[in-house]
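Colleague: Hi! Could you walk me through this one?
Modeller: Happy to, let's look together.

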Amino acid sequence: MERVVLVTGASGGVGLALCQRLLDEDGRIHLCIACRNTQKSEATRDLLLAAHPAAQVSTVEVDLGNLASVLRVAQELRCRFQRLDFVYLNAGIMPNPHVNFKALWHGFLTGKLLHMLTTAEGVMTQTDRLNGDGLQEVFATNLFGHFILVRQLECLLCGNEKPSRLIWTSSSNARESAFSLSDYQHAKGQESYSSSKYATDLTSVVLNRKFNNQGLYSSVVCPGLVMSNMTYGILPVFLWVLLMPVMWLIRFFAKTYTLTPYNGAEAHVWLFKQKPESLDALVKYHSCASGLGKCYVEPRKMDVDEETAEKLYQKLLDLEKETLEKYSDLLD
């Protein structure tokens, strides 16, 4: 039977490139693409089928920042499929990003500029807000919505004849210094994106501990610095035009400057071909590119504490119980 692959955030950037590359890799999969609106879902499906006319591509509509939407799509997926082989948890937001030019100048003077440019450490801030569920929007979209989706799809992911896989899109900007257990939604800081990605790393670690014995494995990838709609929102367009030659030059010194969505999806596709039992749950798999554009994958140990991961997981379970009480009509 064909493998069933679900990809969230599939309408552009790394998500779209991933879908294209997965169909190139195995045209027999059933690819289910999840986007926030029907129009984008259908346009993405048409684009994929134009290149792969015989492919099985279906669509679902979901807003990961809206719990009712997540619960509805989970119910739809449970009705539609008997199992899921791969779930790529790729959708994410980084609202109102701002560059700290003073920090960049300080990095230049202290010799830390290249490190800052490759990790965005101390460079990027974001303005977050509460969503309709009373949750911090970045936390809800990047992590909690995906967490609820996984929880609701356990019956399709666990106990199958072959292992099922969760593959989370994280970031090199996932830093412990931006995360706090006492403020795990990051309501008080200005680095909500970094916090949500570090929380993603922690969640993946503990999911392996909880579910490997049921045939569910979780991995984390970093696509590197990819020029996408999210990235282009950081600076005015004219500045990107001026900076792009410099970006290509920096790639000779910074292998994480993958730049294109195709290159950024390298680690996602590499994991598609690996046996999950051979992977390290404490490793993040980075998409990299040489100065001449050759793509490869580099595994790096994550800076995560397993005890902190366990505590965050319990907080997520408590928040799940608290927030789902008002959606009892959408639960089986």
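**Thr8 and its surroundings**

Modeller: The side chain of Thr8 lies 3.0 Å from the backbone nitrogen of Ala91, a polar contact (N or O atoms within 3.5 Å; within protein, one able to donate a hydrogen and the other to accept it, and residues adjacent in sequence count only if both atoms are side-chain atoms). This is a predicted model, where local features need pLDDT of at least 70, side-chain atom pairs need 80 or more, and totals for chains, interfaces and linings use all residues. Numbering starts from 1 along each chain as its sequence is written, and side-chain values use heavy atoms, without hydrogens and water.

Colleague: Which side chain does Thr8 join at 2.9 Å?
Modeller: That of His146, through a polar contact.

Colleague: Is Thr8 buried or exposed?
Modeller: Thr8 counts as buried because its relative accessibility is 1%; buried means under 20% relative accessible area, exposed over 50%, partly exposed in between (1.4 Å probe, protein chains only).

Colleague: New topic: how do helix 6 and helix 13 cross?
Modeller: Helix 6 (residues 137-152) and helix 13 (residues 306-324) have axes that come within 11 Å and cross at roughly 80 degrees. They are therefore roughly perpendicular, a label for 65 to 115 degrees. Axes are lines fitted to C-alpha atoms, for helices over the stretch in contact, with angles from 0 to 180 degrees between N-to-C directions. Helices are DSSP runs (H or I, at least four residues), numbered from the N terminus.

Colleague: And what does Phe144 touch?
Modeller: Its contacts (heavy atoms within 4.5 Å) include Leu67, Leu316 and Glu320, not counting residues up to four places away in sequence.

Definitions and conventions. Helices (H or I, at least four residues) and strands (E, at least two) are DSSP runs, numbered from the N terminus. Angles under 35 degrees count as roughly parallel, over 145 as roughly antiparallel, 65 to 115 as roughly perpendicular and the rest as oblique.
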